[in-house]
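We will go from stop to stop, with a short note on what to look for at each.

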Amino acid sequence: MATADPIHARCDAADTLVAADEALARLQIAAGGTMPGMLAVPALLALVRQVRVSGLAQARPIVAMDGDCAIAFHAQATPDDDGIALVLRDWRRAAAPDDGLPAFDAAALWHHLAQGHVLLDEQQRVITADLAAADLAELAADLAGSTGRHWALSPALSLGQGRIETARLHWRLLDDMVVDVAGSARRWRVRLLPRVGSGFDLLLLPETILALPADPLRGAEPAMAGADAPLPPWTGFLGRDLAPALRQPISRIIANAETIRSRLAGPLADAYGNYAADIAEAGRHLLGLVEDLADLDAVEAPGFAPAPDHIDLADCARRAAGILSVRARERGIALTLPEEACHAPAIGEFRRVLQVLLNLLSNAIRYTPAHATVTLACGVEGATAWIAVEDRGEGLTAAQAARVFEKFERLGRSGDGGSGLGLYISRRLARAMAGDLTVSSTPGEGARFVLTLPADLASAGIVNAR
């Protein structure tokens, strides 16, 4: 039975369906939910969450199951104060799937499995980007400063077709393309999903998970056999062999658990949804530990030496903040950045400096109370360039500050999801680049971490700013 009139509903900030016209209310109950209660229609829930993350209205066709009957409709979700307003049109019965399984929206599944999401305008120009995967950091840094440019013109992307005039291609010719991303050992598949009204969602899904190439920063092996004590047989094993072997199965566990948790394949008892959420969170923790161990293996390898680059610490600060801006907004934390006129030229490897800043900023966001401020400042003093990340957390005692850079040190925080390696690795990286990483803190007043590097004195226009 078709419904000609629009169906209206509203979800609050916790994805609870707090109001709904009769047709959707009946479907909510049939899908195993309650009124009011957590939105129980999987594809509709995926749409609501996507709108909340992007902050932009979106619409898509949806098929849901009402018992043995498939219901099809067109859903539009719009941010509304602290909730999401829903308008459903063209409500009708649809043919049930031939295999007897509940139908789900493929686009919603892609949204959940994607490790990168870029909002584009109608000309495929970048509006904003949220790239979660660690090996998309270089692309995230480039897109953060390329608003208004066609996404395919990013120098961090290799389309495998030479430098074609991508800006003139119809979006269907770019959809489903496999690309290489600078800094990533994996290949990525691009999905372009038109948004109702105008613009596109660009999703990056990992196509393959490959063994990482040899790290050029490891340096050569000792030139003379026997000149030094032989290296242990496990040297390089974590980063070269173990980490690549573990990434694929752990990533699959996370993806499958998220698919179950989000109920994309149909209704699921809350208890099982919670189990799936626990599995996904444990998988992320394990994957983060694997990445930290691989970095640890690299920085402790004999001959490790980052490649020096001419960088600007102020620009690095803005790029790191752009990558983590969504996480900060989710906690209501404001990021105070160096002014546009501020520059701090330095010598250091860009991707390693960005890695250190992302670690410091992630910690600051994690330990700063909600609705507070995290400050990034930088400058040049004599032959030293510096950048500071200052939080408003609980702070550290003198004893804690003396231990915070030790390996596997977590200061008694057993439930924060950290490995206790991030700050140790960050200091090793800083010192390998002829700099240092220090902390000053007062209990109850937050902590201030300062990364110092050799200043790029040869660069013109140095501006000392703090």
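Helices (H or I, at least four residues) and strands (E, at least two) are DSSP runs, numbered from the N terminus. You are looking at a predicted model, in which local features need pLDDT of at least 70 and side-chain atom pairs count only at pLDDT 80 or more, while totals for chains, interfaces and linings use all residues. Residues are numbered from 1 along each chain as its sequence is written, and side-chain values use heavy atoms, with hydrogens and water left out.

**Stop 1: Ala133.** Select Ala133, in the loop between β8 (126–131) and α4 (137–144). Is Ala133 buried or exposed? Its relative accessibility is 10%, so it counts as buried; the cut-offs are under 20% relative accessible area for buried, over 50% for exposed, and partly exposed in between (1.4 Å probe, protein chains only). Now show Gln115, Arg186 and Trp188, which Ala133 touches when residues up to four places away in sequence are not counted. Contact here means heavy atoms within 4.5 Å.

**Stop 2: the five-stranded sheet.** Next, colour the strands of an open sheet with the order β14-β16-β17-β19-β18 and mixed pairing. Two strands pair if DSSP finds at least two bridges between them. At the edges are β14 (334–336) and β18 (436–441), each pairing on one side only. Zoom in on β17 (residues 384–390) and β19 (residues 447–454), which pair in the antiparallel sense over seven bridges. Within this pair, Ala388 has Val450 of β19 as its bridge partner. Then select helix α10 (residues 350–367), which packs on the sheet and touches β14, β16 (373–381), β17, β18 and β19.

**Stop 3: the cores.** A nonpolar core is a set of buried Ala, Val, Leu, Ile, Met, Phe, Trp, Tyr and Cys residues joined through side-chain atoms within 4.5 Å. The largest has 78 residues, and Trp151, Leu192, Leu313, Val353 and Leu361 touch the most other members. Helix α10 gives this core its largest share, nine residues. Apart from it lies another core, of 26 residues, among them Leu39, Cys69, Ile71 and Leu86.

**Last stop: the whole chain.** Zoom out to the protein chain, with its twelve helices and 19 strands. Of its 466 residues, 45% are buried.

Conventions: Axes are lines fitted to C-alpha atoms, for helices over the stretch in contact, and angles run from 0 to 180 degrees between N-to-C directions.
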